[in-house]
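The entries follow in the sequence in which I wrote them.

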Amino acid sequence: PFPEGIVHVLRFSQNGDLLMAAGGRGAEQGVVVLFDVRTGNRVAEIGDEADSILAADLSPDQSMVAIGGTDKLVKVFSVQTGEQLYQIKKHTDWVTALEFSPDGNYLASGDRNGGAFIWEADRGTILFTLGDHKDMITQVSWRADSQMLATASEDGRVILWLSEDGFPARSITPHTLPNNSSPNMKQKTPGVLSVRFARNGNFATAGRDSTSKSWSNTGSRTDATVDGFSHLPSRAALDHTGTKLLAGDLVGNVRVWNIKDKALEGE
């Protein structure tokens with residue numbers, strides 16, 4: 001049960017023991033709740049925000065929770081005490097995406113204005129400004145080796161950033177629309193709503209062209225494209241084997257495809 005309101009973020013802890021739920025009610029309440037996966041019991045409630053939490057993550061060692069929302073702040077709390085450890089005031093718009101790196105060294109954040117940053121996770125010191133996106137950051141995802149960060153944006157691009165220097169290794173436009181406009185009209189590239197790395201380094205995307213795709217770990221090739229959505233696919237991911245593509249849409253349908261033959265395996 002999450003009587004505090006709407007859940008905007010769900011994440012398992014890295015070891016699979018905890019489930020983090022973050023959300024709340026607009027202009028009323030925002031909170032993060034940690035559940036024990038085996039018992040379903042609440043083990044921690046963190047944050048007391050005046051608005052719903054839009055982005056959140058739990059650090060790999062389960063010691064910190066990062067949250068973001070409409071106040072344009074990134075706040076990091078101690079799981080053990082519930083006290084705020086630090087806050088970041090760099091963002092100029094709502095914070096829409098947050099994720100700790102798998103090694104626990106970095107925290108990535110993105111906002112509604114296209115701003116994206118990499119921070120030192122333990123103290124919030126800025127490391128890199130990722131300044132190439134022109135529209136809202138919809139999701140950020142770290143590769144399992146923590147050496148690469150993927151950012152997805154409503155500007156239609158996924159950019160792969162190197163964590164060692166903050167430079168973009170590759171920028172791709174994963175989703176496109178049929179060109180039915182006149183030659184004199186510039187057609188907008190459909191936004192990317194989701195990006196998520198799998199354990200093997202490949203990643204999945206979902207976009208406003210109503211497709212979901214599986215990509216190689218460098219974004220150099222598309223392994224599978226699936227469509228047929230009656231509603232926008234809002235999230236996409238690969239399973240732990242990297243052979244199945246999962247996507248959920250805006251009305252609550254979840255589908256699973258086999259990447260090799262693009263066959264629908266379940267819904």
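**Entry 1**

I looked up A144 and found it partly exposed, because its relative accessibility is 48%. The classes I used are buried for under 20% relative accessible area, exposed for over 50%, and partly exposed in between, with a 1.4 Å probe and protein chains only.

The model is predicted, so I noted its limits: local features need pLDDT of at least 70, side-chain atom pairs count only at pLDDT 80 or more, and totals for chains, interfaces and linings use all residues. Residues are numbered from 1 along each chain as its sequence is written, and side-chain values use heavy atoms, with hydrogens and water left out.

A144 sits in the loop between β13 and β14. Strands here are DSSP runs (E, at least two residues), numbered from the N terminus. I checked what A144 touches: leaving out residues up to four places away in sequence, the list is P102 and R199. Contact means heavy atoms within 4.5 Å. I also looked up S101, which is 43 residues from A144 along the chain; their C-alpha atoms are separated by 8.0 Å.

The hairpin of β13 and β14 has five residues between its strands, and S146 takes a positive phi near 65° there. β13 (residues 137-142) and β14 (residues 148-153) run antiparallel: I noted five bridges for β13 and β14. Two strands pair if DSSP finds at least two bridges between them. I137 has S153 in β14 as its bridge partner. Is strand β13 buried or exposed? Six of its six residues are buried, so β13 is largely enclosed by the rest of the structure.

**Entry 2: the four-stranded sheet**

I traced an open sheet of four strands with antiparallel pairing, in the order β1-β2-β3-β4. β1 (6-12) and β4 are the edge strands, each pairing on one side only. On average, neighbouring strands of this sheet are turned by 15° against each other, direction ignored. The axes are lines fitted to C-alpha atoms, and angles run from 0 to 180 degrees between N-to-C directions. β1 and β2 are antiparallel and joined by six bridges. In that region I found V9 opposite A22 of β2.

**Entry 3: the cores**

I then looked for nonpolar cores, meaning sets of buried Ala, Val, Leu, Ile, Met, Phe, Trp, Tyr and Cys residues joined through side-chain atoms within 4.5 Å. The largest has 15 residues, and V32, L34 and I46 have the most contacts inside it. Two or more residues come from each of β2 (18-25), β3 (29-36), β4 (42-49), β5 (53-58) and β6 (64-69). For L34, leaving aside neighbours within four places in sequence, I noted contacts including L18, M20, V43, I46, L58 and V79. A second, separate core has 14 residues, among them V76, Y86, I88 and F117.

**Entry 4: rings**

Rings of Phe, Tyr and Trp (its six-membered ring) pair if their centres lie within 6.5 Å; planes under 30 degrees apart are stacked, over 60 edge-to-face, the rest tilted. I counted five aromatic pairs by this rule. F117 and W119 form a tilted pair, 5.4 Å centre to centre with 40° between the planes. F117 is buried at 8% relative accessible area, and W119 is buried at 3%. F197 and F203 are edge-to-face, because their planes stand at 70°, with ring centres 5.5 Å apart. Both F197 and F203 are buried. Ring pairs link F197, F203 and W215 into a cluster.
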